[in-house]
Amino acid sequence: MALTFWYDFASSYSYLTAMRFEEAARKAGVAATWRPFLLGPIFQDAGYDGSPNLVAPSKAAYMWRDIKRRAESRGVDFFKPDVFPQRSVAACRAAIAVSEANRPALTRAIFTQSFGRNRDIADPAVIADAARDAGLDADAVVASTKDSAVKQALFDNVARAREVGIFGAPSFETSDGELFWGDDRLEDALAWEKTGSLPAGR
């Protein structure tokens, strides 16, 4: 019984969720699972050539402003990355390779490197810095991104995301199969996982 947080390190809104998910789940008394995956194949399935948030300049501008407002209100650093969407394959592999106990810290550290410091997470040196920030062996984490079993695990996560019906990130899958999408649906997902329903008036 756990709420599963589906995220891609290329996802701007996943950054917002990652920085608060662990604490929010703890306060709600809900067990949490962190599951990195790749949005690229999901978007390709839907016929998108890249991020849907970039299809129109006005939509892209709104996204960046919305994220900045939310980040500022939560005391979280945010920089619009020079490269967007970033190549997140190595980052996802790194997060998969570490233990579930270490995954939240490494996930936050990698997101901080990209959206909090405007660094390119496709660079192994950036992944290494994130690993050190999370208190992990940087060399081991970087090496794990080349491991065949880790690569397969990421493929498996993408396949599972398709089965669940995920179309964007962040997404939350409850233990009874309900799906919630978006940083602003985290509280609804936590409530559903705990009680099987939404709070009155939601």
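This is a predicted model: local features need pLDDT of at least 70, side-chain atom pairs count only at pLDDT 80 or more; totals for chains, interfaces and linings use all residues.
**Arg-103 and its surroundings**

Although Arg-103 is buried, it has no salt bridge, and the nearest side chain of opposite charge, that of Glu-100, is 4.7 Å away. A polar atom of the Arg-103 side chain does, however, lie 2.7 Å from the backbone oxygen of Ala-95. If neighbours within four places in sequence are left aside, the residues in contact with Arg-103 are Tyr-7, Trp-34, Pro-36, Ala-95, Ile-96 and Val-98. One of these contacts, Tyr-7, is among the buried residues of strand β1, and this leads us to the sheet.

**The sheet and strand β1**

The sheet is open and has four strands in the order β2-β1-β3-β4, with mixed pairing. Its edge strands are β2 and β4 (179-181), each of which pairs on one side only. From one strand to the next, the twist averages 20 degrees.

Strand β1, made up of residues 3-7, is mostly covered, since five of its five residues are buried.

| Partner of β1 | Residues of partner | Sense | Bridges |
|---|---|---|---|
| β2 | residues 32-36 | parallel | five bridges |
| β3 | residues 171-173 | antiparallel | three bridges |

Individual residues can be followed across these pairings: Thr-4 stands opposite Thr-33 in β2, and Phe-5 stands opposite Phe-172 in β3.

Helix α10, covering residues 186-195, lies across β1, β3 and β4 and runs at about 150 degrees to β1.

**Helix α7 and its ends**

Helix α7 covers residues 124-133, and its buried residues are Val-126, Ile-127, Ala-128, Ala-130 and Ala-131. In an α-helix there are 3.6 residues a turn, so residues three or four places apart point the same way.

At the N-terminal end, α7 is capped by Asp-123, which has a side-chain oxygen 2.9 Å from the backbone nitrogen of Ala-125. After α7 comes Gly-135, whose phi is positive, near 80 degrees.

**Phe-43**

Is Phe-43, whose relative accessible area is 12%, buried or exposed? Phe-43, which has its place in helix α3 (residues 39-45), counts as buried because its relative accessible area of 12% falls under the 20% cut-off. Between Phe-43 and Asp-184 there are 21 Å in space, C-alpha to C-alpha, and the two are 141 residues apart in sequence.

Conventions
Residues are numbered from 1 along each chain as its sequence is written. Side-chain values use heavy atoms; hydrogens and water are left out. Buried means under 20% relative accessible area, exposed over 50%, partly exposed in between (1.4 Å probe, protein chains only). Helices (H or I, at least four residues) and strands (E, at least two) are DSSP runs, numbered from the N terminus. Two strands pair if DSSP finds at least two bridges between them. Axes are lines fitted to C-alpha atoms, for helices over the stretch in contact, and angles run from 0 to 180 degrees between N-to-C directions. Contact means heavy atoms within 4.5 Å. Lys and Arg count as positive and Asp and Glu as negative; His and the chain ends are not counted. A salt bridge is a side-chain nitrogen of Lys or Arg within 4 Å of a carboxyl oxygen of Asp or Glu. A polar contact is a pair of N or O atoms within 3.5 Å; within protein, one must be able to donate a hydrogen and the other to accept it, and residues adjacent in sequence count only if both atoms are side-chain atoms.
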